[in-house]
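Colleague: Hi! Could you walk me through this one? I'm new to reading structures.

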Amino acid sequence: MMRHLETIAIPVGAVAVSLVLFGVFITIAGANPLEVFASIYRGAFGSWFAWQDTLVRAAPLMLTALCTALPARAGLIVIGGEGAVVVGGFCAALVGIVLNGVLPPLLVISSMVLVGALAGGIWVGAAGALRHYRGVNETISSLLLNYIAIALLNFFVVGVLKDPATLNKPSTFPIGDANMIGAIGESSIHWGLGYGIIVCVALWFLMRRTTFGFGVDVVGGNVRAAQLTGLPVGRLIVSACVLGGAAAGIAGMIEVAAVHGRANTSLNAGYGYAGILVAFLARHNPIAIIPVAILLGGIRASSGVLQRAHDLPDATTLVLQGLIFVLILASEALYGRIPWLQPKAPPKEQPVMQAKEQPKEQPA
Amino acid sequence: MKRRTFLKGLASVGVMGAMGEFGISGAFAADKVKMGFIYVGPRDDYGYNQAHFEGKSAVAKQDWIKAFDEENVPETIEVIKTMESMINLDGAQVLFPTSFGYFPHILKIAEKYPKVMFLHCGGLYDASKHPKNVGSYFGYIDEPVYLSGIVAGHMSKTGKLGYIAAIPIPQVLRNINNFMIGARSVNPKATCNVVFTGGWANPVKEAESANSMVDQGIDVLTCHVDSPKVVVETAEKRGVMCCGYHTNQATLAPKGFLTGAEWNWSKVYADYAAMIKDGKTIPNLVRGGIKEGIVKSSPYGASVSEKAKKHADEVRAKFMDGSMVVYKGPIKDNKGAIVIPAGKEYKQTDIWLESMDWLVEGVVGTTKS
């Protein structure tokens, strides 16, 4: 119970301190911090409209955050979410175009999810495999794979797969209105949010309640120990990368199937990079990604209100995101060091005390 | 117990927030024209977005206009949310989503808000397909680009020009061709190298391309990307001349800046505001060039010769009286095929020019990125 208190109190405290620092920054920038906080709240969570705005922006972040979080559990720092979104979205769009009208919409959407996940999984899995089997730094290779993905998308979208009707914004042919993912009930939130929550919960279960997840955590904790216990280290590392990439690939598929209806350069809108921030804030815990993505989605949603009501630049919310990021990372050093958050010494520890006292008597 | 008080606190803040909302909207005078502007990049990019921001700032000075804006809005579902937020929270009557890729998103919500006018920059408005409260506006910026080409043709010593462009779409190809035809009207042997960077904001590639062009002996650079800042600054650093685009970049290159093609959005936005104030019907399609005041040239840089100025001013006068035709045969493409035979001419408004997929003779490069 007390351990849970610590894991909640420290990040919440870090966010609170970053809000105070942000208030100082706002004051220096010449605005009233209390009014700005009220506007952030109004723009992010102050009404049903604001909530829809926040949740729509949070949906892709949940999936792209997994692309960094899962490999991180195996000890890899992967920043290839953007590339996986692009490749996943592009391949899903191809499947949608080919199967449009051939299969019923439910099967088309299912195939798009599968192919999007597969493409994203292979993309990031390649970075994991290069790391494990060839010793290539996964951070660099996954970053460079982002550029390769964007270049391939540009090549196909401007070239052979271009819909001639899209003159000044080259895009592929549409996947067809029937194959689009709709909104949840009467809201304006598309079902991408549902995919995000389901995938986060499923991967949390996989990582926390199965031997596979335990194995990945052991590899992330100490590769040598994992090898000595006979764990299939390479397979675990590559699988974690494939699963993370698959999540980001689904994010790309949702951008195509719920928002654009075709693939174009709008796939490369920065969700992959925003997901890295979410993953670190959630300390790579798939279930914690859900609230953190909503928090970040809310901050992004409130940016517009800040710009319009207070004449602050868009970068203001980047400053807030940056402060939260740095303070959360710095606060990791506090685990186990704040006395009143520690569990009270259980009786089990008494023998240890005795053992320490015994040597004093011996020299006599 | 504690959790309950916390929730109560939250609820009361929510009520206060809602009251604040009504308070603010009530405080705005009802007769003000409320205009919302949305940019895909930063307001101060020395380029496309800054040009729109300058237009917005100019109309915002009027006391009967309330103008507000939002920068860095991606061409995804986020722009839908931004537009709805401007309508619901700020009471926007007219929205200017200024990026080309916003158009499909506008069409998704326009029918839901019939009282709001959605005016899109560069969109392909089609009265038979699109709702009445959607419109589009754009300018023939290739006219001032042609004038830049004339100045570049006069000033270049090597006769080698360079064009750094984003992607090979008709709009971009038309600018490149106008620049080349303008330069060749001065120096028939002039050539223009083209590099497509593959994206609208790709500063690293823009700098690399600019440097490699200077290394090849090119002495006038220009560009068609969202922010010409990198190309113009690189040209200045390497001691070559440059022509600007979108807005005035003279301050970035005090020595080498020749002239540039600029948008004049302040006029367009002021016209729209006046129409709304007077209760006039807003036209769904607004187009125009130098004559209509939608585009203009940047003031000449200090180094531009009198001869070049005189020549460009003469052609500008022809654009003003409507007698100037750029696409007049015979015109060959850069593979040697005749695209416009002798005697044939395409006026500025000709729809054929809007699907351009070729580069004119003298341009070194292909339409593949």
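**Helices and sheets of chains A and B**

Colleague: What covers the buried residues of α11(A)?
Modeller: The cover includes α3, α4 (81-99), α10 (233-260), α12 (286-310) and α13 (315-331) of chain A, and α3 of chain B also takes part. Buried means under 20% relative accessible area, with exposed over 50% and partly exposed in between (1.4 Å probe, protein chains only). Contact means heavy atoms within 4.5 Å. This is a predicted model, where local features need pLDDT of at least 70 and side-chain atom pairs count only at pLDDT 80 or more, while totals for chains, interfaces and linings use all residues. Residues are numbered from 1 along each chain as its sequence is written, chains are lettered from A and ligands numbered from 1 in the order in which they are written, and side-chain values use heavy atoms, leaving out hydrogens and water.

Colleague: How many residues of that helix are buried?
Modeller: In α11 (residues 271-281) of chain A, nine of the eleven residues are buried, so the helix is largely enclosed by the rest of the structure. Among them are A:Tyr271, A:Ile276, A:Leu277 and A:Leu281. By the way, helices (H or I, at least four residues) and strands (E, at least two) are DSSP runs, numbered from the N terminus.

Colleague: And what follows α11(A)?
Modeller: A:Arg283 follows, and its phi is positive, near 50 degrees.

Colleague: You mentioned α3 from both chains. At what angle do α3(A) and α3(B) pack?
Modeller: Helix α3 (residues 48-73) of chain A packs against helix α3 (residues 77-90) of chain B at about 165 degrees, and their axes are 10 Å apart. Axes are lines fitted to C-alpha atoms, for helices over the stretch in contact, and angles run from 0 to 180 degrees between N-to-C directions. α3(A) and α3(B) are therefore roughly antiparallel (over 145 degrees; under 35 is roughly parallel, 65 to 115 roughly perpendicular, the rest oblique).

Colleague: New topic: sheets! What order do the six strands have?
Modeller: This open sheet of chain B runs β2-β1-β3-β4-β5-β11, with parallel pairing. Its edge strands are β2 (65-70) and β11 (285-288) of chain B, and each pairs on one side only. From one strand to the next, the twist averages 15 degrees. Two strands pair if DSSP finds at least two bridges between them.

Colleague: Where does α9(B) lie?
Modeller: α9(B) lies across β1 (33-38), β2, β3 (94-97), β4, β5 and β11 of chain B, at about 150 degrees to β5(B).

Colleague: Is B:Met117 buried or exposed?
Modeller: B:Met117 counts as buried, at 13% relative accessibility. This residue sits in strand β4 (residues 117-121) of chain B. Leaving aside residues up to four places away in sequence, B:Met117 touches several others, including B:Val94, B:Leu95, B:Val134 and B:Ile282.

Colleague: What about the sheet of seven strands: what order there?
Modeller: That open sheet of chain B goes β12-β10-β9-β8-β6-β7-β17, with mixed pairing. β12 (295-297) and β17 (363-364) of chain B stand at the edges with a single partner strand each, so one side of each has no neighbour in the sheet.

Colleague: How many residues of β10(B) are buried?
Modeller: Seven of the seven, so β10(B) is largely enclosed by the rest of the structure. Four bridges join β10(B) to β9(B), and the two run parallel. With β12(B), β10(B) pairs in the antiparallel sense over three bridges, and there B:Ala261 has B:Ser297 as its bridge partner.
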